Each structure stands twice: as C-alpha cells, then as structure tokens.
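Here is a short briefing to keep beside you as you look through the model.

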Amino acid sequence: MQQNKKKILIADDDPAILDVLTLFLQDVGYEVESTTDGEALRDFPHGYPDLLLLDIWMSGWNGRDICLSLKSQDATRHLPILILSANRETQHIACAAGADDFLAKPFDLDDLLKKIELYL
Amino acid sequence: MAQKESRLLNARKTASSQKGKQQTNHASPADFLAGGGEMGERIRATDWSKTSLGAAERWPQSLKTIVRIMLTSRQPIWIGWGPDLIKLYNDPYKAIAGGKHPEALGQPASVVWREIWDDIGPRLQTVIQQNEGTYDESLLLLMERYGYQEETYYTFSYSPVPGDQGGVEGIICANTDDTRRIIGERQVKLLRTLAAETADARTIEAACRLSAASLEQNSYDIPFAMLYLLDHEKQTAYLAGTSGIQKGHPAVPEVVALDAYAVWPFHEVIRTGKARIISYLGDLFDDLPVGAWKNPPHQAVILPIAPSGHTGKAGMLLAGLNPFRLYDEEYQGFLNLVVGQIAASIANAQAYEEERERAEALAEIDRAKKAELRNVEESEARFRTLADNISQFAWMADANGWIFWYNQRWYDYTGTNLQDMQGWGWQKVHHPDHVGRVVERIRHCFETGEGWEDTFPLRGRDGTYRWFLSRAIPIRDEQGKIIRWFGTNTDVTGQKQLEQQKDDFIGIASHELKTPVTSLKAYAQLLERRFRQGGDARSAELLQKMDIQLDKLTSLIGDLLDVTKIESGQLLFQHSSFDFNVLINETVEETQRTTTRHTIVRKLAPSVTLSADRDRIGQVLTNLLTNAIKYSPQAETVVVKTVRTDDAIITSVQDFGIGIPGEKQPRIFERFFRVGGETRITYPGLGLGLYISAEFVKRHGGSIWVESEQGKGTTFSFSLPL
C-alpha cells in the first residue's frame, strides 16, 4: 500500500482485542502498535503514533487520566485520541478528558474504520 | 236570640206573678191554682171540665194539695192524675219538657213520653198498683224534646197520691235534671284519665296508643276515634292509635294520603287548621261501631292536633260523635280539651324521647370517651412495646421538630440518653460530612410540613458509622394542624453494601461479557472481510450470520446493564439533536438485515429534529421492531409509521402476529413480563426490552402504549415531545 503508513497505537488490557484490531488495521493498511500497559503511554518509546485507540478501563493508569495527561502536553496535544469503552455512559467522561472521539464496545469494524479515517 | 227569649219569659213571668198576686188578693175559689208563673196561668186558663180530670174546682182535695205544692215549688215537678196520668207540671219542669211544652199540659203521660215510656211506664205502673214510691238516680232517658233523640239523665221519684176516696189516684214526680252533671263528670273523668294514662308515655308511639285507648273510657261522647300523625315528607298521615274501632275497619286506613282523593279529608284540616265535621257517616261506612249507644254516630269530627314547637309532631283526631247530643259549644269545648291533652302527651313524649336520645348520645359519647381513653392507654403501651422492639430507631418530635422521645433501640445503638439527645441534640451522633445537609433538609420539612426522607451515617457507641435510611411524617389533628412528627431510622448499611456490590457486579459482569464479545465480533467481521476479499462469499455470509447472533448477545448484555442502571437510578442520557427519520431509516435497515421473511414498511411523516439520546431512542425502535418480527412468525410485514401532532411525534410499530390477550396488556411493560403464545411456542428474550423501552420513553417525557387483538396483531406506539 502506501509507503508512508500511518501509525495507530492501540492501548487496551484485553490481548484478544489488541490481536484482532491489529490484524484488521494492518489489513486496511495501517502500521499498528499495541500495548496492554497504560504506563507505556507516558513516554512513547517507539515514537508518537498518528492516532491513539485507548480503552477507558485500563488497569494501572486508567484511560481517562492518560487522555487528560496527553491532551495537556504540547507534544501530544494534537494526537487524535479515540476512546473505546464497554460502557457507553462513559462517553461524557471521554469528552471531559478531551478525547477526540468515542466508540462503544462492541462495535462494527466498519464504524471503527470510519472514525479512524476522520482523523487520518 | 236566647237572650231575647229569656227576656220575653221574664216579662211573662212578671206579668203572671202580678196576676197571681191579684188572684191571691181576691181569694178566688181556685186559690190552689194561684201563682205558679206561666204554668199556673196555663193551668188556670185550661178548661179542665173538658178533660177526664173534670173542672178544677171539683178536683179532689189531694190533687188540689199536690198541685199547690207543685206550683209553689222551685223543683221541676209533674203530676199525673187519673188512669191516664194526665200531665200537670210547673215552670221549672218546662226545661225538662223542652219542645213538648206547652202541649204536654193535660196530655196523658204515655203520650208525652212515648219515646221513654218503656223506661218509665213500668215504674209508674208499680207506683199506682202497689202504692209505693220509686226513686231513680240519674237515669238515662233518651228524650225527644227538640225533634231529635237526646241523651238526658234524671234523678226522680214517683210518689203515689191517694184520691179522696182512697186508693192511688195519681202520682207526683219530683225531678232533678242531671244531664249536664253526668256528662260533665264523665268528660272530666276522661280528661283526667287521659292525662294520667299518658303521663308515663316515653315515646310518641306510646303516647298516641295510650291516648287513643283512654278515649274508650268515654264511649258516650267518643263512640270511636282514630289518631293519626303526619308524615310531612311523605305527604301522608299514618294511624297512631284507635279507640272503639277495629284496625282493619274500612274507616281506619293505616295510611291516609293528604289529598282530595283520600278517605278522610285530612288535607283540608291541615290546610285550614280547623275542625271539620263529616256528616252522613252511615252513607260512607257500614257497621260503624256504636260505642255506648245502640246506634252508630251519624257524624264525626276531625280535629287538628297542633305540633309543639318547630319539630313537634302534628296530627289529627277523628272522633265519632255522640248520636244523642248536638255538637254544640260544650261538646266542641270538650273535644278541644281532649285534643289539647293528646297534643300535650305527644309533646311530652317527644320531649322525653329527645331527652332520652340526648342522654343516650351523651352516655354513648361518655362510653366512647372512656373506651377511647382505655384504647389510648392500651395503644400507647402497645406502641411503646412495639417501638422498643422493632429493629428500627423511632422517635417523636413536637410540631416544631423538637424531639422528645426515642425508642430504646436508639439509645442502645448510640449509647446516649434522652438528656443528650432531646430537642436537636441528635446532631452529636451525625457524621460531620452529612450533618449540615441533614439539618437543613429536616428543618425545611418541619417548616413546610412535607414528609422527610434522607440517608446518612450515624455514629454507634463503638465509634463506627452505619448508614440509615430515615423518614419522618407529620401527625395532624382533625383540623389538619401538625401536632407531632413521627420518625424512623432504618439501618441500610447492609443494603447499601449489597446494592453497591450488585451494581459493581453487574457493571463488571457486563464489561467482562462485553470484552470477549467485542473481540469475537471483530474476529467475525475481520474473517468476513477476508473471505469476501478472497471470493468466498458463502463463508462470508456465514460469518455475517454469526455477527447478527453476536449483536443479539450484545443486546441482551446491554439490557441487563440498562435494567441495573434504571433500578439504581444511574441511567444517564446523552442528549443531542438529530433527524428522527434518519434514525428510523438506519434502525429499520439494521433490523431488516436480521430477517429475510419480513419486510419492514415505512410510512413516515416529514422528519423532525429531536433533542434526545439518539442511541437510546434507536434502542427503543430496535426493541419494538425485533419484537414485532419475533411475535409475528407467520406474517410478512411490519409497519413503522410516524404521525406528527402539535407537540409530539408518535411512532407506531405494527405487526400482524399472535397479538396480546387483553388481560395481559396492562402488564406488558413490567420487568421480566413475557407474553406466551397460544401455541406454547416460547419466544426467546429476557422480558426486559419493553420495560427498558418504556423507561427510556418515559424519561424522555413521552409515553408508550399498546393496542392489540389476539390473532390479528399488535401495535406498539410511543410519543416523544418535540
């Protein structure tokens, strides 16, 4: 596909979702990185992604705090963050934390793709 | 008239006495006939030679003597002389002769007194034949002196008078007319009896019955009588007592209407308030009672009985009249006294009844008060026992919220005493984080009279806090004024923990269930894409079906979560503005994907923009559509229709399926309620969809309802405000 693949970082504490989303997003032509550890989002050892898929219910450092932190730093302020949550009521938490978008689990891959394409 | 007559008589008397004086002065041979007033004159004027007595001058000495006695006596005296007892009488006797005077003079006694000859004939016979006197006291004699038979009473003696040659030649009779005395006495006696008999009457009914019965004592003046009382409401008079007449008699109806068609014209008597005479009784009724007489009354009188006071009973006395007396002033006077006495008896009885009722009412109140007091004491004791033994804390405050009592449980838990706690002292055991709010809210309730409810922690004697659900209600008096407050505190610590645990559990469970479903769904969709791209359309279709099943699972999990949120009040809506028809179209298309049999037909009004939770409204639509499909397995169409009203948009989802029995329709929106099919086919689902839908609609300010006919289909509709 493209030479300059956009990179998506997925942070979720469920390895299965990381696995399937990685496969899917690679299928549609993205470079994908994933982590189950919220702490890994503090310093981005592999460089900044073009978009962050973030589960709100992360063990360790939770999604809301991560989002708040990233949106408050110059380096990451413009990083699009799409929050995923099994609880649709947390949408307002996501918004309050400065997330760019929200998607309730479970979701259709098509919907996920549409949302990603809005930002990439 | 009477005055004139008596004047005339006086004039005559004067004239005759002057004549008498003259005659006495001239000492005529008929000296024995001197004086004697009118009768003296009449006897003198009579040519006795043409009678069986012969000329007066030749009358036997004994006759002359008794005539002299007669004419000079003030007592009514008559003399019968000779075999025919030719009648001579004096002035005082004229009143006794009545209408027979003056023709009676010189007539045989048997002719003059033909109507009472059966009574007096045998007596006179005895006197003459046995030469013995007779004496009768107050003998009833029905004389016919004025053209009618008249009741009279006489005390009289017949004395034999010898002739000059011995033997009995005649009789002399001295009379006393006792009529007025006898009648007067019996009337007074009746009035006395009436008063005495009814004195003890304690009810109106008894007063009437006894009054009427007393009248039987004087069946001369009242041969029969009926007493009626008025029922003003019913416009009737009802029989309250009888005297001398049987109750079943046609003249004695139990109830008499107060109108012109009634047997007795009571209505007239009431209207005029005056007595009314009924004549020709014999024409009206056969077999009327005769009372003391041999003949029934030919007249009756209806006398009004005046009510006493405003509430008194009014009535009527109907009395048959003595056939042998004129209904004159005296008679009227007597009956008026009778009626007056009856009215007084009724009034007395009524007063007594009222007094008794008052007394009974007072006694009843007294009893009730005592019973109430006992009840209060007992219930107070019961209440204390109960209050001290319930697991809740209980307390009471006065109208201002000043607490004056706690149950034992309160002291046991807090380790305090009334001294510390009374009034507003309870704040000492409240948690500092909550006490401000608690005081503010309870004060508001005490001021406004609203019921109070709050949940807060209270410190126990061991220093730990537990949570209490607390309520208080005002107790009001009959005027609605608050007299005290009654409050309770229920330990809900366990409940609160359980609820929290349940909420946590459901939340975690939903999350934990959703997580694998999310990856399952993603795997299925990923595979589907890959198969489709690889040209394996059939495998892709299978995975699409799998995806639909996963959606169902997701929806069930979602329902469970939603119910938990509704129950725990954690349901939050994300309001946004959206185009309603776009939502309907999306939802219909999604649902259409899940069925091959049904076609969802859209009949939509022009779209509106709603401000609502789009996902939740979409969920309602999905619910109704999937229900419609689920419960119409044989049908091929489901109709979605919208109608716009002034202030709402109404959405209906109609199916042509099994329908819902009428008796189940009201329960259809209850949690876990499921409609079973007639054919015992079970339909999958948790029975939560309609409950959740109804809650969503209601919390959007709309309403939801169902119309259904068994075997024809069901239409669910919901409205949403614009």
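D287(B) sits in the loop between α10 (281–284) and β10 (300–305) of chain B. This is a predicted model, and in it D287(B) has a phi near 55°, a positive value in a residue other than glycine.

**Backbone points to look at**
- D287(B) counts as exposed because it has 10 C-beta neighbours inside 10 Å, and the cut-off for exposed is 12 or fewer.
- L85(B) also has a positive phi, near 50°, and is likewise a residue other than glycine.
- You will find L85(B) in the loop between β1 (77–81) and β2 (86–89) of chain B.
- L85(B) is buried, because 25 other C-beta atoms lie within 10 Å and the cut-off for buried is 20 or more.
- In chain A, the peptide bond from K105(A) to P106(A) is cis, with omega near -10°.
- P106(A) belongs to the loop between β5 (101–104) and α4 (109–119) of chain A.
- In chain B, H101(B) and P102(B) are joined by a cis peptide bond with omega of about 5°.
- P102(B) lies in the loop between α4 (94–97) and α5 (109–112) of chain B.

- In soluble globular proteins, nonpolar side chains tend to be buried together.
- The largest nonpolar core here has 44 residues, and those touching the most other members are A225(B), L227(B), Y228(B), M316(B), L317(B), L318(B) and A319(B).
- Elements of chain B that give two or more residues to this core include α7 (179–198), α8 (204–214), β6 (225–231) and β11 (315–320).
- The most comes from α11(B), which gives eight residues to this core.
- Leaving aside neighbours within four places in sequence, L318(B) is in contact with A225(B), M226(B), W264(B), A300(B) and I302(B).
- Another core, of 40 residues, lies apart from the largest one, and among its members are L33(B), I86(B), L124(B) and I128(B).

**Where the chains meet**
- How many residues of chain B are in contact with chain A? There are 18, and they are in contact with 19 residues of chain A.
- Helix α15 (residues 493–533) of chain B supplies the largest share of the side that touches chain A, with 14 residues.
- By type, the residues on this side of chain B are six nonpolar, eight polar and four charged.

Note on methods:
Residues numbered from 1 in each chain as written. Chains lettered and ligands numbered in written order. Predicted model: local features only at pLDDT ≥ 70, side-chain atom pairs only at ≥ 80, totals over all residues. Contact = placed C-beta atoms within 7 Å. Helix = DSSP H or I, 4+ residues; strand = E, 2+ residues; numbered from the N terminus. Nonpolar A, V, L, I, M, F, W, Y, C, P; charged D, E, K, R; others polar. Core = buried A, V, L, I, M, F, W, Y, C linked by C-beta atoms within 7 Å.
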